[in-house]
Amino acid sequence: MSTAATSAQAVDLEAKFERMKDILRSLRRVVVAFSAGLDSTFVLKVAIDTLGPGNVLAVTADSDSLARAEFDEAVRLASQLGASHRIIRTQEFANPDYLANPVNRCYFCKTELYTRLRPLLEAEGYVAVVNGINADDLGDYRPGIQAARENAVRAPCAEAGLTKADIRVLSKRLGIPIYDKPASPCLSSRIQYGEPITPGKLAMIERAEAYLHSLGIRECRVRHHNNLARIEIPADQIERFMRPEMRARIDAEFRRIGYAYVTMDLRGFRSGSMNEVLTLGRDLKPSAPGQ
């Protein structure tokens with residue numbers, strides 16, 4: 001890439017970053033839906049820097065779908081950033097539409113979250129709820145975005161045109177310690193569409209992924225298909241995990257966790273692989289509320 005092109009990209013990034021800060025300034029006082037993922041951490045940091053800590057409240061939704069490691073990181077990061085932080089216990093597991101695990105499962109989860117956050121605006125003088133949706137997310141299948149729109153939740157990164165790559169660059173500059181953190185969506189996203197969600201299944205997934213992390217795999221997914229675990233790890237690490245001794249260790253641990261069958265996805269890790277069935281013509285229809 002030429003020096004001129006690199007310079008133009010830098011100017012564009014700065015312009016987008018300034019637009020994001022202008023959006024936050026226009027909102028004056030905000031509640032940040034804070035999950036401890038990179039995007040929401042970036043929004044929280046920029047909101048505090050732009051509006052001052054007294055005008056920003058970070059709220060983390062705690063439920064069975066949030067891995068304990070992610071919950072602990074949310075508490076740690078909020079403290080490190082000097083944010084006022086509140087934990088709320090969301091009740092998506094009381095909603096049969098969510099538990100049925102339709103393709104728009106995230107819609108019901110985010111609707112529960114945003115409905116719980118809305119009363120904070122009037123009661124405590126906040127102007128808007130903001131989330132960490134970025135410009136790349138707008139091109140993916142994300143039912144939670146519909147819930148955000150229905151609840152007037154703002155997405156300062158997406159509105160400013162900031163991509164995931166932009167956010168990583170800016171986060172590193174701002175000293176955010178998780179600037180290179182892999183995406184870590186909720187545990188429910190590992191269960192195949194149409195298979196009911198239960199806390200027991202989520203606990204199995206959490207234990208299985210924690211075990212893979214302990215073996216040195218930073219980014220992985222354990223996809224839950226009834227009594228079968230489909231492991232996704234980076235393609236360049238599959239060969240190591242296909243060695244007989246490693247296969248035996250993983251198989252034994254996953255069987256202790258409760259899986260009858262354990263398989264390695266030969267295509268390797270890819271974010272959102274559960275959505276691949278949506279492009280294969282599977283008859284998986286979104287659920288309407290109350291169905």
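How many of the 7 residues of strand S2 (residues 56–62) are buried? Strand S2 is mostly covered, with 6 of its 7 residues buried; buried means under 20% relative accessible area, exposed over 50% and partly exposed in between (1.4 Å probe, protein chains only).

## Basis of the model

This is a predicted model, in which local features need pLDDT of at least 70 and side-chain atom pairs count only at pLDDT 80 or more, while totals for chains, interfaces and linings use all residues. Residues are numbered from 1 along each chain as its sequence is written, and side-chain values use heavy atoms, with hydrogens and water left out.

Helices (H or I, at least four residues) and strands (E, at least two) are DSSP runs, numbered from the N terminus. Two strands pair if DSSP finds at least two bridges between them.

## Strands S1 and S2

Strand S1 (residues 30–33) pairs with S2 in the parallel sense over 4 bridges. Within this pairing, Val-31 has Leu-57 of S2 as its bridge partner, and Val-32 has Ala-58 of S2.

In a regular strand the side chains alternate between the two faces of the sheet. Both faces of S1 are covered: Val-30 and Val-32 on one side, and Val-31 and Ala-33 on the other, are all buried.

## Leu-120 in helix H5

Leu-120 belongs to helix H5 (residues 105–124) and is buried, with a relative accessible area of 12%. Contact means heavy atoms within 4.5 Å. Leaving aside neighbours within four places in sequence, Leu-120 is in contact with Val-31, Leu-57, Val-59, Arg-86, Gly-125 and Tyr-126.

Leu-99 lies 21 residues from Leu-120 along the chain, and the C-alpha atoms of the two are separated by 27 Å.

## Strands S5 and S6

Strand S5 (221–225) and strand S6 (228–232) run antiparallel and are joined by 5 bridges. Val-222 stands opposite Ile-231 in S6. S5 is mostly covered, with 5 of its 5 residues buried. On one side these are Arg-221, Arg-223 and His-225, and on the other Val-222 and His-224.

The hairpin of S5 and S6 has 2 residues between the strands, and Asn-226 takes a positive phi near 55° there. Asn-226 counts as partly exposed, at 47% relative accessibility.

Most residues other than glycine have a negative phi, and most peptide bonds are trans. Ala-152, although not a glycine, has a positive phi of about 55°. Ala-152 is found in the loop between helix H6 (143–150) and helix H7 (156–160). At 57% relative accessibility, Ala-152 counts as exposed.

## Ser-171 in helix H8

Ser-171 is found in helix H8 (residues 164–174) and counts as buried, at 0% relative accessibility. Not counting residues up to four places away in sequence, Ser-171 touches Leu-38, Phe-42, Ile-176 and Tyr-179.

## Cysteines

A disulfide is a pair of cysteine sulfur atoms within 2.5 Å, and by this rule the count comes to 0 disulfides. Cys-106 is in no disulfide, since the nearest cysteine sulfur, that of Cys-186, is 5.7 Å away. Cys-106 counts as partly exposed, at 28% relative accessibility.

For Cys-157, the closest cysteine sulfur is in Cys-106, 19 Å away, which is too far for a bond. Cys-157 is buried, with a relative accessible area of 0%.

## The second largest pocket

On a 1 Å grid over the protein atoms alone, a pocket is an open set of points where a 1.4 Å probe fits, with protein on both sides within 12 Å along at least five of seven lines; lining residues have an atom within 4 Å of a point. Grid points are joined across faces, edges and corners, and a volume is the space filled by probe spheres set on the points. The second largest pocket has a volume of about 380 Å³. Of the 20 residues that line this pocket, Ala-69, Glu-70, Ser-184, Glu-209 and His-213 are the closest to its centre.

Helix H3 (68–81) and helix H9 (199–214) are the elements that give two or more residues to the lining. The largest share, 4 residues, comes from H9. By class, the lining has 8 nonpolar, 2 polar and 10 charged residues. Here Ala, Val, Leu, Ile, Met, Phe, Trp, Tyr, Cys and Pro count as nonpolar, Asp, Glu, Lys and Arg as charged, and the others, Gly among them, as polar.
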